[in-house]
Amino acid sequence: MRVSIKVKYGFASMICLAQKYNTGEYVTVLSLAERLKISKIYLEQVFSLLKRADLVSSIKGSRGGYQLARPSNSITAFDILSAIEVSLFEKSQESFIEGENGIEKTIQNSVLEKLDASIKATLLAISLENLVLDAQKYSSENGYMFYL
């Protein structure tokens, strides 16, 4: 499945915020952009979408920034993806086959609706907390272990 870079930035940013959630710190877009080595301007657009979906909260000022709006175990991959790619889970209302209504209904009911339901169920089963744990696991695989 191919997703936009905006989605990848959204997931990466949410994982970073979740890693800092228990500290109560607000994280700036600039610090995230530097940590992830991505565009600050583009990241601001992503945060606008995440804030609109009530996944992050923000405060302004010198100690301002963003943090998760709720604990990472209550935010799912579906929440993040649907906040950033708003039209991804919208149902198509328009007919695409002029003459044969049975074929269109078959495609919609037997393929597209089942695909949508399967993707949604998979994404709902993945919490942001799971992603943080996976990120920690993959980070430790790249590090060295010293035993004394």
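How many helices and strands are there in the chain? After that, please look closely at helix α5: what are its span, its bend and its buried residues?

Reply: The model is predicted: local features need pLDDT of at least 70 and side-chain atom pairs pLDDT 80 or more, whereas totals for chains, interfaces and linings use all residues. Residues are numbered from 1 along each chain as its sequence is written, and side-chain values use heavy atoms, with hydrogens and water left out.

The chain holds six helices and two strands, taken as DSSP runs numbered from the N terminus (helices H or I, at least four residues; strands E, at least two). In sequence order the pattern is α-α-α-β-β-α-α-α. Of the 148 residues, 30% are buried, meaning under 20% relative accessible area with a 1.4 Å probe and protein chains only; over 50% is exposed, and in between is partly exposed. Among contacts (heavy atoms within 4.5 Å) with a separation of 6 or more, 63% join residues 24 or more positions apart.

Now to α5. The helix covers residues 101-124, which is 24 residues.

As background, an α-helix has 3.6 residues a turn, so residues three or four places apart point the same way.

For context elsewhere in the chain, there are two aromatic pairs, where rings of Phe, Tyr and Trp (its six-membered ring) have centres within 6.5 Å; planes under 30 degrees apart are stacked, over 60 edge-to-face, and the rest tilted. Tyr9 and Tyr42 are edge-to-face, because their centres are 5.5 Å apart and their planes at 80 degrees. Tyr9 belongs to helix α1 (residues 5-20) and Tyr42 to helix α3 (residues 40-52), 33 residues apart. Phe47 and Tyr66 form a tilted pair, with 4.5 Å between centres and 35 degrees between planes. Phe47 is in helix α3 and Tyr66 in strand β2 (residues 65-68), so this pair ties together parts 19 residues apart in sequence. Phe47 and Tyr66 are both buried.

How values were computed:
Expected span 1.5 Å × (residues − 1).
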